[in-house]
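User: I am new to this structure and would like to know what the terms used for it rest on. Please take them one at a time.

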Amino acid sequence: RAPKELAIEERRLLVEMAVEACVVQLLVTGFVHADPHEGNLRLGDDGRVVFLDFGLMDRVDFGIMESCAAGVRQVLNKDWLDLTHTFQAVRFTPQPMMKNVDFGIKKRPRYEPCGNEEFAVAFQKQLESEADGQSRFGAMAVALKKLSDRYLMLTPPFIALLCRTFITLEGLLAEDPKMAEEYNVYQTSLPFAICRLLSPRTRKGAVDLRTSFLKEESSEVNWSSLSALVTAGSGNSASSSSGATQEEIGHFDLGTAAAVQRRLLLTAEGIALRRLCFEVDAFQACRGFLTCKDAAPLREAAMSSLAEAWATRRRRQGGLGARGSPDSFGPRAAAAARGWGMWRPTEPVSLPPSMQDHARRAWRIVARRQVQRSLWPLWRLPLRTAMLLI
């Protein structure tokens with residue numbers, strides 16, 4: 001059914017599924033539908049989103065995917081200077097930044113090099129002046145367009161197509177006042193962005209991941225950097241301005257983030273993460289997580305996640321929110337809506353057995369390494385147990 005034929009709850013579900021699907025295309029698969037307007041979207045009878053018209057598509061390489069993921073985190077954390085370096089990494093702006101020194105004086109621009117700090121300040125002011133500046137990708141595109149008279153923008157073709165994708169999709173959000181006010185595309189993208197940053201395919205991405213996880217020249221966990229990565233945007237005020245719950249504004253747990261996390265743990269996507277887990281001392285990491293001051297944001301995030309998972313489980317057991325939930329649309333939608341721990345290999349959304357077997361063997365190697373490090377020599381286990389208790 002077309003969006004105009006749907007009830008308000010079904011339309012909100014369709015829009016949210018379409019947004020998540022396009023984010024996954026950008027950050028996970030790298031094959032993006034560049035024209036997801038209302039006429040190209042349908043809600044299937046089984047509750048899945050259906051895309052039509054594949055005449056305008058775009059491919060994104062791994063380097064661009066990792067840069068886009070970093071950009072999502074930087075916007076939520078308001079790391080404007082780092083964001084300018086991301087713009088340069090995706091070739092949206094030149095290196096060095098170029099400023100039109102004749103802006104407002106002559107029609108023909110004359111560019112001279114300028115610092116990233118200057119551009120970061122100008123971009124921050126422009127983005128914050130835009131409506132929904134920190135909740136819509138389209139607002140960033142508009143802000144950069146307004147800055148293009150003062151600073152040189154290169155705008156490669158794939159950037160133009162990606163902007164078209166999300167500006168078109170965000171137009172559907174504007175038609176629903178509730179979602180337009182409350183829905184934050186950056187917050188929706190964050191779990192997928194973190195998964196992409198945890199599964200780098202480029203040398204630069206692997207180096208950045210190691211820097212985020214471990215201190216330089218050691219196997220100790222870098223808790224401050226890791227906390228900044230995992231808890232990105234947790235204090236962002238743009239995510240909700242009226243305190244409405246996700247169910248009230250049509251947000252559903254579609255299981256997409258959990259499916260991407262399964263790919264990270266059970267496929268070759270998690271090679272870099274498993275290598276770090278192999279190198280780190282699990283006992284010292286657990287002790288640091290419980291006692292380190294820099295790990296406090298991670299502890300709070302872990303408790304919040306456990307509380308949210310418990311509340312979601314209780315709501316499902318009590319039958320709350322059955323009307324309009326993904327479970328009401330068929331077996332595939334019900335399978336996608338189940339929590340990560342409730343997933344079974346026999347569900348429609350499955351992974352190849354060979355991939356799962358390879359990942360299990362790799363995790364067993366990591367586990368044996370950590371057991372060996374903790375139990376040998378024999379005096380290490382009682383000493384570490386005493387340290388943990390003290």
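What follows is a set of questions and answers on terms and the values behind them.

Analyst: This is a predicted model, in which local features need pLDDT of at least 70, side-chain atom pairs count only at pLDDT 80 or more, and totals for chains, interfaces and linings use all residues. Residues are numbered from 1 along each chain as its sequence is written, and side-chain values use heavy atoms, with hydrogens and water left out.

User: Why is C22 called buried?

Analyst: Buried means under 20% relative accessible area, exposed means over 50%, and partly exposed lies in between (1.4 Å probe, protein chains only). C22 has a relative accessible area of 0%, so C22 is buried.

User: What makes C277 buried, exposed or partly exposed?

Analyst: The relative accessible area of C277 is 24%, so the residue counts as partly exposed.

User: How many disulfides does a search of the whole structure find?

Analyst: The search finds 0 disulfides; the term requires a pair of cysteine sulfur atoms within 2.5 Å.

User: Why is the pair of E279 and R210 called a salt bridge?

Analyst: A salt bridge needs a side-chain nitrogen of Lys or Arg within 4 Å of a carboxyl oxygen of Asp or Glu. The closest N and O atoms of E279 and R210 are 2.5 Å apart, so the pair qualifies. The pair links distant parts of the chain, with E279 in helix α12 and R210 in helix α9, 69 residues apart. Helices here are DSSP runs (H or I, at least four residues), numbered from the N terminus. E279 is partly exposed at 24%, and R210 is partly exposed at 37%.

User: What makes R196 and E269 a salt bridge?

Analyst: Their closest N and O atoms are 3.8 Å apart, so the pair meets the cut-off. R196 lies in helix α8 and E269 in the loop between α11 and α12, so the pair ties together parts that are 73 residues apart in sequence. Both residues are buried.

User: What lines the largest cavity?

Analyst: A cavity is a set of points on a 1 Å grid over the protein atoms alone where a 1.4 Å probe fits but cannot get out, and lining residues have an atom within 4 Å of a point. The lining of the largest cavity includes R196, E269, F192 and L264. Helices α1, α8 and α11 each supply at least two of the lining residues.

Technical notes:
1 Å grid on protein atoms, 1.4 Å probe; cavity = no way out; pocket = protein on both sides within 12 Å on 5 of 7 lines; lining within 4 Å.
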